[in-house]
Amino acid sequence: GRHRVVGLGTRLKVMDENCSCCVCLLYVLLCCSALLVVTFALSKVLIVIFTWRKKREWGYDGRHRVVGFFHPYCNAGGGGERVLWQAVHALQSRYPLVRCVIYTGDTDASSKDILNKAHSRFGITLSKEDEIHFVYLKLRKWVEATRWPRFTLLGQSVGSMLLGMEALLKLCPDVYIDSMGYAFTLPLFRWLGGCKVASYVHYPVVSCDMIDRVSSRQASHNNAAFIGRSRILTFLKLYYYRFFAKLYGAVGRCNNVAMVNSSWTRDHIARLWSPAACVVVYPPCDTSAFQQLPLARSDKVLRIASVAQFRPEKDHSLQLKVIAELVNTFPLEKGETVRLVLIGSCRHEEDQQRVQDLKREAEKLGISNQVDFLLNISYAELQKELGRSLVALHTMWNEHFGISVVECMAAGCVMVAHDSAGPAMDIVVDWEGKRTGYLAKNTAQFVSCVTEALQLTEHERIELVAAARESVQRRFSVQVFEDSFIQATELLFVR
């Protein structure tokens, strides 16, 4: 009996200790919940106060609808920036009481400088410049790849949430549009800011193709060679990518409207986000300006143009290898020379370093005298260069769309693009039974295609580029983009 009493006492003591642990745990949970509620409420109060002050400063009243574009690199001068400014133009033309606000990290440029560059680079004239305002963000460094040498996707996504929170605290819009691919900002603006939110997706941050490349252990710009050589590291990276894909899908489903720029992007976003609607809105391509260029080319210099930002995924290195091979194999007539003209914008020091690396590579290949680098040139200079180029080269694997591909085709260049994604599925396709360009996947194929393009007779070349020009004119234009963008976003402006 004595043993039973002792055993009962021990059990009661254990139960008492368990109850104490449960009470402590419950207390901690209640405290954390209270802290979250207080933080949420305080954030809402601060957002309301700061937004009211900013709207008052800019002269906004209850009639105005504020549309915020999250575009931290709005002064970069690439295809994504063309989409941004054409979207702003479309909204201003359609809705007189809409006021557009750009969240940017370009703190070294004034609003006038940014708008002037948009006009110079893209030929876009915004008639209501005084109705466009900029919210300057100081935390942009947290979304740069150099800040996150390891776990870059996850690090940049966390960084984008910090940057998004800074943007939201400075001004909460009525409609929020992520126009640069920072999907992890969407929950902040929808649930904390109470905004209607939309995305214009240029490419998925993570895709099934990326996962497949890691799985097959191929070295690429986003899969280091040492990882590809290790089974264990490959397994861990696959797990990381799949985990991130789940997170990316969760935040993407916060969208009220999801717009994508190509069939390839639509297929991947539909699989990752499963949005209620996924609308293809082809990017604005100013084909009208390039269509004024003559199709005839008479220069003895056989120019091969490349138009792309100096980013690793654009694979400029492949272009140098193609030219090095071409210089040694292509039969030139007397007085003829082959030149590769690399045209693109540099966003920051990292891009500048990449250009220097490419120049050194050209020297090693012995073609430095056959390669020109034209950085951050104006729209007029771009037209001039494309107007005298015979061939255009685009080597990015899985280019989401390829505005520069369209521009080169409209300018009368024979297009040689990578046989994947946007160029293969939407752009360099037969038009009314006629060829519009060439597609290739590796160095040998690119050399073969460029050689064939340079050897076309004048009649054959004119027939090909005329079909290419008509194709892009009918399918991709500024007006087609603006009409599609307005139609896709109408839901956001229903009060």
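**Entry 1: the sheet with β1**

In what order do the 7 strands of the open sheet stand? I looked this up in a predicted model, and I read the order as β3-β2-β1-β4-β5-β6-β7. The pairing in this open sheet is parallel. At the edges I found β3 (132-136) and β7 (278-280), and each of them pairs on one side only. Going from one strand to the next, I noted a twist that averages 25°.

Next I checked which helix packs on this sheet. Helix α18 (residues 478-489) does so, and I saw that α18 touches β1, β4 (175-178), β5 (196-201), β6 (257-260) and β7. The direction of α18 makes about 160° with that of β6.

**Entry 2: two pairs of strands up close**

I zoomed in on strand β1 (residues 65-70) and strand β2 (residues 98-104). They run parallel, and I found 6 bridges joining them.

Then I moved to β4 and β5, which pair in the parallel sense over 4 bridges. Here I noted I177, which stands opposite A198 in β5. How many of the 6 residues of β5 are buried? I got 5, so I wrote β5 down as mostly covered.

**Entry 3: the sheet with β8**

I turned to another open sheet, where 6 strands come in the order β10-β9-β8-β11-β12-β13 with parallel pairing. Its edge strands are β10 (371-375) and β13 (438-440), each pairing on one side only. The twist averages 25° from one strand to the next.

Helix α11 (residues 316-329) packs on this sheet, and I saw that α11 touches β8, β9 (337-344), β10 and β11. I also wrote down that the direction of α11 makes about 170° with that of β9.

Inside the sheet I followed the bridges. Strand β8 (residues 301-307) and strand β11 (residues 391-394) run parallel and are joined by 2 bridges. I304 stands opposite V391 in β11. From β11 I went on to β12: these two run parallel as well, with 4 bridges between them. The bridge partner of A392 in β12 is M415.

Why is strand β12 (residues 414-418) largely enclosed by the rest of the structure? I checked its residues and found 5 of the 5 buried, so β12 is largely enclosed.

**Entry 4: R461, an arginine to look up**

Is R461 buried or exposed? I found R461 in helix α17 (residues 458-475). R461 has 3% relative accessibility, and because buried means under 20%, R461 counts as buried.

I then listed what R461 is in contact with, leaving aside its neighbours within four places in sequence: L295, A296, R297, L390, G412, V414 and L456.

S263 lies in helix α9 (residues 263-273). With 11% relative accessibility, S263 counts as buried. Leaving aside its neighbours within four places in sequence, I found S263 in contact with Y282, M425 and D426.

How many residues apart in sequence are S263 and G422? I counted 159, and yet their C-alpha atoms are 7.0 Å apart in space. That sent me to the contacts of the whole protein: of those with a separation of 6 or more, 74% are between residues 24 or more positions apart.

**Entry 5: a patch on the surface**

I232, L233, F235 and L236 form a nonpolar patch on the surface, and together they have about 420 Å² of accessible area. I232 lies in helix α8 (residues 231-252). I noted 60% relative accessibility for I232, and since exposed means over 50%, I232 counts as exposed.

**Entry 6: the protein as a whole**

To finish, I wrote down the totals. The secondary structure comes to 18 helices and 13 strands. Of the 495 residues in the protein, 52% are buried. The accessible surface comes to about 23300 Å², and 57% of it belongs to carbon and sulfur atoms.

Key:
Residues numbered from 1 in each chain as written. Predicted model: local features only at pLDDT ≥ 70, side-chain atom pairs only at ≥ 80, totals over all residues. Heavy atoms only, no water. Patch = residues over 30% accessible without salt bridge, like charges linked within 9 Å, V, L, I, M, F, W, Y side chains within 5 Å. Areas by Shrake-Rupley, 256 points an atom, 1.4 Å probe, with all protein chains shown as cover. Salt bridge = Lys/Arg side-chain N within 4 Å of Asp/Glu carboxyl O. Buried < 20%, exposed > 50% of the residue type's maximum accessible area, 1.4 Å probe, protein only. Pairing = 2+ DSSP bridges. Axes fitted to C-alpha atoms, helices over the stretch in contact; angles between N-to-C directions. Contact = heavy atoms within 4.5 Å.
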